[in-house]
Amino acid sequence: MADFRIKQHPILPIPEEKTIEFTWQGKKLTARAGETIAAALMANGIRIFGYHPKDHSPLGIFCANGQCSQCMVMANGKPVKSCMELIQPEMRVSPAEGLPELPKISPAAPVHPAPIREIDIPVLIVGGGPAGLSAAIELGRRGIRALLVDDKHRLGGKLVLQTHRFFGSTDAVYAGTRGIDIATRLEEELRAVPEVEIWLHSTCLAVFSDRKVGILKEGEEYILVKPEIILVATGAREKFLAFRGNTLPGVYGAGAFQTLVNRDLVKPAEKLFIVGGGNVGLIAGYHALQAGIGVVGLVEALPECGGYKVHKDKLIRMGVPIYTSHTILSANGKDRVESVTIAEVDSEFQPVSGTEKSFACDSVLIAVGLDPVDEFYKKAQEFGLPAYVAGDAEEIAEASAAIFSGKIKGLEIARSLGKEDQPVPKEWYRTGEILKSRPGPAHHEELPETGVGVAPVIHCTQEIPCDPCSSLCSHGLIEIDKSDIRSVPKFIGNNYCCEVCERCVAGCPGLAITLVDYRANPTLPVVSIPYEFTREALHKDDRVTVEDTEGNALADLEIIGVHSIPTSDRTMIVQVQAPADIAPRIAGIRIQTQAITEPMDEYVPHLSDDTIVCRCEHITAGEIRALIRKGYTDMNEIKIVTRAGMGACGAKTCDALIHRLFREEGVPSDKVVDYTKRPLFVEVPLEKFAGLKPADGE
Amino acid sequence: MMNATLPHYDVIIIGAGSIGTPTALYLSKAGFKTLVLDAGPSVGQGSNKKAIGGIRATHSDPAKVRLCLRSIEIFSNWQQEYGDDIEWYKGGYMFVAYREQEEKTLKDLVEKQRALGLNIQWHDSAEIRQIVPDLNPNGCIGGTFSPDDGNASPLLAIHSFYTHALDRGAVFHFNEPATALVIRGGRVVGVKTPAGEYGADVVINAAGAWADQIGQLAGITIPVRPDSHEAAITEPVARFFDPMIVDIRPAPGSSNFYFYQHLTGQIIFCITPSPNIWGFDTRETSEFLPMVSRRMVEVMPRLRNIRVRRTWRGLYPMTPDGYPIIDWTREVSGFLQAVGTCGQGFMLAPGLAELLTRMVSKQTTPEDDEVLRYTSLYRDFGQQELLK
């Protein structure tokens with residue numbers, strides 16, 4: 001059987017494999033103990049997890065986050081979300097086909113329903129990501145009892161998927177440290193305060209009108225929690241996109257892709273195409289390359305990528321073409337993605353006929369933005385339960401902003417409980433706003449005087465909230481205005497004061513600082529370039545293409561050395577000797593060969609109209625559009641007629657897409673009646689509400 | 001008058017819900033120019049979409065029996081006649097008995113129901129478990145089974161009534177509540193809304209849980225008040241039982257509970273709250289799921305693994321005696337009440353809609369007149385229905 005495990009990674013350790021056996025359709029396969037069923041299947045090259053009961057189209061993993069229900073499989077006779085359930089030894093797994101048969105149980109088997117436990121707690125925190133963890137630490141340090149619940153098996157939320165160094169403020173939010181390591185640090189800080197109880201693999205199901213919160217603890221026990229205050233730190237969910245072929249196995253949300261690659265260490269793709277040029281899409285592209293996955297290209301509908309320029313530049317330099325003012329027309333293939341077709345868009349974002357291009361790829365990653373997961377917050381407010389909201393659940397921004405927002409909300413809650421005398425410092429709110437700010441204008445790149453001594457070259461020209469470089473230079477020669485870390489860094493020394501410690505090269509989160517050393521040979525200076533791939537990939541004497549900031553090839557040069565420095569933290573430094581005229585312009589090395597990014601000779605037209613809006617019930621954009629054109633404005637009526645929004649996910653995916661269809665059809669948003677949102681957050685077996693013990697009666 | 005004078009209609013129906021919508025269809029078919037007014041944004045957004053979809057004729061009084069027998073005829077032939085799938089499924093109803101009290105109640109009832117010509121029988125434990133093998137046999141005495149009853153989707157059904165009513169010229173105005181009735185010389189002649197004043201020869205109150213508010217527009221008290229019931233739906237699974245299962249044993253918090261498997265595979269279930277939860281609160285509670293789940297896994301242990309998808313609450317427009325109110329008001333002529341369906345509006349609706357059409361066109365039959373004696377607004381509400 002094919003093996004799609006990641007065997008080496010420049011950042012992530014590859015754990016010792018303790019393997020177990022399970023079966024897929026009766027065939028024996030190997031899994032890693034402690035991984036999800038979905039990861040085990042992906043690692044064995046299985047991409048089709050089941051077939052949709054309505055149209056029998058193949059289904060694969062999409063969100064990997066327990067939200068969408070696309071990855072349902074039968075495990076030991078029960079339907080389960082394969083992305084949330086852990087694989088067990090000898091587990092019998094098979095595809096979900098048609099409606100599942102409910103497991104047979106002897107009707108005479110005794111059942112012993114038990115009352116549901118109720119727990120009082122001063123503060124309930126829903127979500128153990130950056131915001132929830134930070135808030136919990138603030139509460140715990142002030143001796144406030146709190147319960148933190150998270151539906152995953154470990155703390156950290158999406159931090160555990162972030163292998164790159166974080167942007168933001170070094171003082172406020174661990175900027176310069178990798179997300180995975182921030183998760184560990186926050187967890188350690190939290191575990192040190194005994195006041196905060198932590199329930200993992202525990203899903204919040206509903207906030208009820210009697211101000212009790214239903215939680216499925218550790219996937220087993222349903223408990224009603226009665227908090228005095230609830231903090232909703234549930235993060236974000238990904239927006240979906242309507243295009244033809246959008247439910248083919250191989251179309252993933254960006255979060256799913258990062259989960260599979262960086263948490264589960266499996267390769268969901270060989271050749272990936274990315275939709276969306278925000279930070280999420282750009283970073284996912286970088287993560288893919290680090291995992292040894294080819295990135296065929298990236299489309300962004302706007303004329304400029306919305307993510308940080310340093311992320312975009314980095315990706316282009318690695319050899320990934322970015323198609324701005326382009327959109328995806330279709331994902332093509334019979335049972336899984338085989339190619340993608342894109343086209344240019346005009347100023348109205350309509351595809352321009354004749355500009356279609358297709359690329360061979362096996363996966364499409366959707367990264368077209370995020371929406372807050374704020375339903376618990378809204379329900380708590382409606383029901384009069386004192387509620388706070390932090391991180392992406394409040395406002396979509398970088399994880400660094402979520403860390404800080406959690407800290408502020410933690411303090412605000414402590415104050416409201418009378419456990420903190422000091423008000424939240426005013427400057428914290430300002431810092432919070434700065435961390436949340438979107439990228440500002442890009443300035444012209446200023447290259448330093450050349451010829452003598454040593455000088456760093458800062459290829460970072462856009463105003464973004466990021467300051468680690470300013471604390472890296474032991475002589476303080478890189479300066480960022482501390483009053484507003486969005487300002488662009490400047491080298492304030494001359495060519496004789498740098499000691500070539502290379503900490504700025506290794507430590508810039510955007511890999512946007514190089515060092516040019518003229519001392520040995522002024523006509524062929526040595527350029528130090530940051531590099532985050534496996535050491536085995538590049539060697540002394542290899543020839544590489546060096547590029548300027550924006551990915552223009554400058555020369556093919558020989559590597560004179562690859563090394564790390566004590567503070568490298570897995571970032572390597574590659575050195576080349578370059579002609580003096582190009583040396584300061586060198587910003588990076590091409591990683592990916594051009595062949596993988598070439599378009600196919602002819603574009604692949606997609607003939608069926610399978611643009612799905614509701615993934616659960618497989619309702620097409622055409623069906624919804626027809627109703628909108630008939631004058632339907634109540635989404636609940638559209639739900640009645642089509643079933644869009646009635647499925648397992650509870651309208652988490654189609655909601656925003658249907659709103660978009662209304663906009664496209666020219667219906668003003670104040671005329672559109674929203675879906676009525678109802679519990680439960682995810683589907684839960686009836687036995688949990690009856691208080692049955694797992695083994696009871698079976 | 002500040003209000004604009006708007007068109008005149010033969011009939012104005014207040015409420016585009018379970019009752020008002022099919023009534024608009026049948027009135028339009030009979031040639032009446034019909035307007036339906038509703039405060040909500042689209043059809044069926046009050047209690048119709050909260051209904052679980054059970055349809056039975058096996059009641060205990062001739063009025064509901066007759067109306068529902070006709071409803072079943074209409075529902076079961078709907079797709080053939082109108083082309084729309086409303087997910088009708090003839091799965092029957094089964095009332096189970098696990099104690100002697102319920103055995104006696106149900107056996108007494110069966111006598112009455114059979115006398116009314118209904119296809120219903122008492123079966124002993126072994127027999128009912130042949131029909132539904134997953135019923136818990138421990139303590140099971142038996143139960144009644146009525147194979148001609150069934151269920152359908154209230155959502156799809158109302159939408160089909162609606163589109164066919166539109167096709168036949170009925171007019172629906174949403175987001176437009178009736179704010180006053182225009183009464184002249186003891187006769188209703190129109191309805192006011194924020195948009196203006198419509199003339200009408202007949203006004204039908206089909207406002208469900210809000211029936212009394214509409215009655216008050218004419219100064220008439222309609223003894224209907226809402227009781228808030230909670231329900232839930234599961235994921236769909238392959239069919240494993242047919243009938244609606246009803247357990248009428250009281251338990252803390254509920255006087256009975258019932259569940260069935262819809263044509264599309266989901267189990268839909270709810271309880272009758274005990275004591276009643278009067279009022280318009282439809283916000284979800286934390287008590288419902290634990291209360292109903294323990295009862296369900298006891299009656300059918302196999303249900304333990306089915307996953308609950310969603311819960312909601314809807315309003316039962318209750319009358320004091322459990323029977324609907326279908327009557328012309330005596331105080332104001334031309335004002336027809338079609339209210340107080342006590343949670344059975346959906347199953348009564350098409351049969352009732354036809355009756356209302358005959359009432360408006362003054363073509364009621366002797367059988368209709370018999371039905372209307374039971375549903376009079378002016379009856380003694382002191383009696384109690386045997387089986388709600």
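## Strand pairing between the chains

Two strands are said to pair if DSSP finds at least two bridges between them, and strands themselves (E, at least two residues), like helices (H or I, at least four), are DSSP runs numbered from the N terminus. In this predicted model, strand β36 of chain A, residues 684-685, pairs with β16(B) in the antiparallel sense over two bridges. Within β16(B), V308(B) is the bridge partner of V684(A).

## The side of chain B that touches chain A

Counting two residues as in contact if their C-beta atoms, placed from the backbone, lie within 7 Å, 43 residues of chain B are in contact with 43 residues of chain A. On the chain B side, α5 (154-167), β12 (225-236), α7 (288-299) and β16 (307-318) each supply at least two residues, and α7(B) gives the most, with seven residues.

This side of chain B has 19 nonpolar, 12 polar and 12 charged residues, where Ala, Val, Leu, Ile, Met, Phe, Trp, Tyr, Cys and Pro count as nonpolar, Asp, Glu, Lys and Arg as charged, and the others, Gly among them, as polar.

## A helix pair in chain A

Helix α6(A), residues 279-290, packs against helix α7(A), residues 309-318, at an angle of about 35°, with their axes 9 Å apart. Residues including L282(A), Y286(A) and L289(A) in α6(A) meet residues of α7(A), among them L315(A) and M318(A), and the residues of this contact divide into six nonpolar, three polar and two charged.

## Conventions

Residues are numbered from 1 along each chain as its sequence is written, while chains are lettered from A and ligands numbered from 1 in the order in which they are written. Since this is a predicted model, local features need pLDDT of at least 70 and side-chain atom pairs count only at pLDDT 80 or more, whereas totals for chains, interfaces and linings use all residues.

Conventions. Axes fitted to C-alpha atoms, helices over the stretch in contact; angles between N-to-C directions.
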